[in-house]
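Please keep the sequence and the structure in view while reading.

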Amino acid sequence: MFLIVGLGNPGKEYERTRHNIGFEIIDYISNKYNIDINREKFKGLYGTGIIEGQKVILLKPTTYMNLSGDSIREVMNFYNITEDEVLVIYDDISLNIGKLRIREKGSAGGHNGIKSIIKNLGGDKFPRIKVGVGAPEHDLVSHVLGKFKDDEWRHMSKVIPVVNDAVIEAIKNDVKESMNKFNGVTIEI
């Protein structure tokens, strides 16, 4: 079983913001594989289904970014999921739009959602896909909570299916295979 988590903030005002790219990708996967994210429990919205013959849980924590780990921990405890069966998808300001970086473990790098997950799991050994949203020109908070410009969103609409492919590669084979295939790739408009 895999727990695939997209990080973001709940509420209409956060839709299509840089910080919510994890939610956008979970929605894409949900639509592509006909998995309804319609259950509310574990401090999140989730749905279960089958992808590539594997049972998966798609999760969007509704705790706001800073407490994402609370939701993930509850799901892991309930379903007896280990850290290596979790895949977290989130925004990364140190990567340009169109870049992905897949890791098996690592520090939070200043990302409050990842800090919360590390705190809740007691360590940083869980797979993750970082999705580049570009560096802020001025204020960090207004950048990550700001909506993508139209040209940036067109670019992200090309990135999201590639992130889906990276997730599928991790499910079918493993995270190392996904890293080998997708790290270093730049998705162009």
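In this predicted model, the axes of α1 and helix α5, the latter formed by residues 150-172, come within 10 Å and cross at roughly 65°. The crossing of α1 and α5 is right-handed. On the α1 side, the contact is made by Ile21, Glu24, Ile25, Tyr28, Ile29 and Lys32. The α5 side contributes Trp153, Met156, Ile160, Pro161, Val163, Asn164 and Val167. Sorted by class, the contact of α1 with α5 has ten nonpolar residues, one polar residue and two charged residues.

The crossing of α2 and α3 is right-handed. From α2, the residues in contact are Ser68, Gly69, Asp70, Ile72, Arg73 and Met76. They meet Gly113, Ser116, Ile117, Asn120 and Leu121 in α3. By class, the contact of α2 with α3 has four nonpolar, five polar and two charged residues.

Next come the loops. Asn20 is found in the loop between β1 (2-6) and α1 (21-32). Is Asn20 buried or exposed? Its relative accessible area is 3%, and because buried means under 20%, Asn20 counts as buried. Leaving aside residues up to four places away in sequence, Asn20 touches Leu7, Gly8, Asn9, Tyr14 and Glu15.

Ser94 lies in another loop, the one between β5 (86-92) and β6 (100-103). With a relative accessible area of 57%, Ser94 is exposed, because the class of exposed residues begins over 50%. The side chain of Ser94 is joined to that of Asp92 by a polar contact of 2.5 Å. Ser94 and Gly109 are 15 residues apart along the chain, and their C-alpha atoms are separated by 9.2 Å.

Backbone angles come next. Most residues other than glycine have a negative phi. Lys43 lies in the loop between β2 (39-41) and β3 (44-51), whereas Tyr64 lies in the loop between β4 (54-61) and α2. The relative accessible area is 42% for Lys43 and 41% for Tyr64. Partly exposed covers the range between buried, under 20%, and exposed, over 50%, so Lys43 is partly exposed and Tyr64 is partly exposed.

Gly49 has its place in β3. Its relative accessible area of 16% falls under the 20% limit, so Gly49 is buried. Not counting residues up to four places away in sequence, Gly49 touches Ile35, Gln54, Lys55 and Val56.

Methods: Residues numbered from 1 in each chain as written. Predicted model: local features only at pLDDT ≥ 70, side-chain atom pairs only at ≥ 80, totals over all residues. Heavy atoms only, no water. Left-handed = near helix turned anticlockwise from the far one by under 90°. Helix = DSSP H or I, 4+ residues; strand = E, 2+ residues; numbered from the N terminus. Contact = heavy atoms within 4.5 Å. Nonpolar A, V, L, I, M, F, W, Y, C, P; charged D, E, K, R; others polar. Buried < 20%, exposed > 50% of the residue type's maximum accessible area, 1.4 Å probe, protein only. Polar contact = N/O pair within 3.5 Å; in protein donor to acceptor, adjacent residues only side chain to side chain. Axes fitted to C-alpha atoms, helices over the stretch in contact; angles between N-to-C directions.
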